[in-house]
Amino acid sequence: MENYTIIIFILAIIIGLSAFADKAKIPFPILLVIVGVAIGFIPTMNEIEINPEIVFLIFLPPLLYDASFNISPIDFKTNINTIGTLAISLVFLTAMGIAVVARYMIPGMTWPLSFVLGSILSATDAVAAISITKGLKLSHKTLTILEGESLINDASALVAYRFAVLAVMGSSFYLWKATLQFVFLLGGGFFVGFVMAKILAYILNRVHKNVNVTISFMLLMPFVTYMIAEKLHVSGVIAVVFLGLAIARFSNKILPEPLKNTSKGLWDLIIFLLNGLIFILIGLNFRYVLKDIHNDMILPYIGYAFIITIVALSIRMGRIFLQKINLQKAFQNSKDKRKVSENALLDFGNSLILSWSGMRGIVSLAIALGLPKVLKDGTPFPERNAIIFISVAAVLITLIGQGLTLPWLVRKINSIKEKKHLQKQNTNKPISKSSD
């Protein structure tokens, strides 16, 4: 098939599968991944290689902008402690945990290569979790934390990845330099996002009566913001996130309701197609990465990916439940309840769902495929094929394994909460005394 024919073919599959997703009783994203893997092995299907630059420029800005535009700034601020913990400290903790396991488990893995693998799989893809749990009555708090985490954790993972690759290339690693670059990337991203939000607000304030022009500017600005931030070597992710948060507040004040509804309908369609393409491409790429792996190593590498997935899930679960305990202690001991409000506390159900929602996705895949092919001296990048295959396998394992069980877990926890709520209501009912 020609490339344009493949794209039309994939879009037709996405639309067709969406019509039967409910009947299939399989979450739509998981169905797309499974179908993508199957399509990839059709003999007449051309191998499709994901270009990381395309992913970061075409897919990431609109998805980040949409998530940040729709998230409540008040809820984001309330849960900033947990969001920051998951998006920053947990990312680096996961990268280190995976690196330790990979170093001692996978033959040929040096410490720098192990940290490359760890950084690739350190960030979760909340887009997958939110898509899978759509319509399952996920609590507003859980949604806010998952969306907030996804808005920031990509920046943390990219910083860890860059320094890990530099270490493989022969550069020395300095913690102070990594910390300084991380602060620069975040600070610079916030600044670019702030400036671009001011520019967009200025434009919208003058053209908001023209529906087509207004919507066009709102569609274009995430891409422009991301490109400018990356050209300035700061975080395009953070820039787009700040743009979305700022414009969400501004648009509520000046944009009429019909314009908001029109814009939302268009954005929903774009996000639907982009999400569909992402999950199909993840499945399609399995065949592409499989061809570079010797047959004898396929099962061992899948086994390594499975163990790494368990390790990452265990680290995430441990850190989230520790956060639950820390928030409870801070709330009980704090004289000023504004520091940790009651709304920021996590219960067992929230913690378990957040833990199980730690799936990897398109960003991990794009980072893996973006690994350099050669070192500075022209020699091949060591264990490149193994790192890519294990990363893709881990992405598929988390999406299919956790993705198929997450809806069941959400329904189970909601059912338990409803039963407890009914029991509490029955307990609080006054007992009527019968008259003699």
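Q: On a 1 Å grid over the protein atoms alone, a cavity is a set of points where a 1.4 Å probe fits but cannot get out, and lining residues have an atom within 4 Å of a point. How many residues line the largest cavity, and which lie nearest its centre?
A: First, a heads-up: this is a predicted model, where local features need pLDDT of at least 70 and side-chain atom pairs count only at pLDDT 80 or more, while totals for chains, interfaces and linings use all residues. Residues are numbered from 1 along each chain as its sequence is written, and side-chain values use heavy atoms, with hydrogens and water left out. The lining runs to 17 residues, and those nearest the centre are Leu60, Asp125, Val127, Asp154 and Val363.

Q: How much space lies in the largest cavity?
A: The whole structure holds five cavities of 30 Å³ or more. A volume here is the space filled by probe spheres set on the grid points, which are joined across faces, edges and corners. For the largest cavity that comes to about 160 Å³.

Q: Which helix gives the most to the lining of the largest cavity?
A: Helices (H or I, at least four residues) and strands (E, at least two) are DSSP runs, numbered from the N terminus. Helix H3 (52-70), helix H7 (126-132), helix H8 (140-169) and helix H15 (362-369) each put at least two residues into this lining. Giving four residues, the top contributor is H3.

Q: Which residues are closest to the centre of the largest pocket?
A: A pocket, unlike a cavity, is an open set of points with protein on both sides within 12 Å along at least five of seven lines. The largest one has a volume of about 1300 Å³. Out of 39 lining residues, the closest to the centre are Ile130, Ser131, Ile132, Thr133 and Lys134.

Q: Where does the largest share of the largest pocket's lining come from?
A: By class, this lining has 21 nonpolar, 10 polar and eight charged residues. Helices supplying at least two of its residues include helix H1 (3-24), helix H2 (28-40) and helix H16 (384-428). With seven residues, the largest share comes from helix H12 (257-290).

Q: Which helix gives the most to the lining of the second largest pocket?
A: This pocket has about 520 Å³ of space. Its lining counts 17 residues, with Pro52, Glu53, Phe56, Arg162 and Glu230 nearest the centre. H3, H8, helix H10 (211-231) and H15 are the elements giving two or more. Five residues come from the biggest giver, H3.

Q: How many of the 13 residues of H2 are buried?
A: Buried means under 20% relative accessible area, exposed over 50%, and partly exposed in between (1.4 Å probe, protein chains only). Among the buried ones are Phe28, Ile30, Leu32 and Gly40. H2 is largely enclosed by the rest of the structure, because the buried count is 10.

Q: Is His233 buried or exposed?
A: His233 sits in the loop between H10 and helix H11 (236-254). Its phi is near 60 degrees, positive in a residue other than glycine. With 60% relative accessibility, His233 counts as exposed.

Notes. Nonpolar A, V, L, I, M, F, W, Y, C, P; charged D, E, K, R; others polar.
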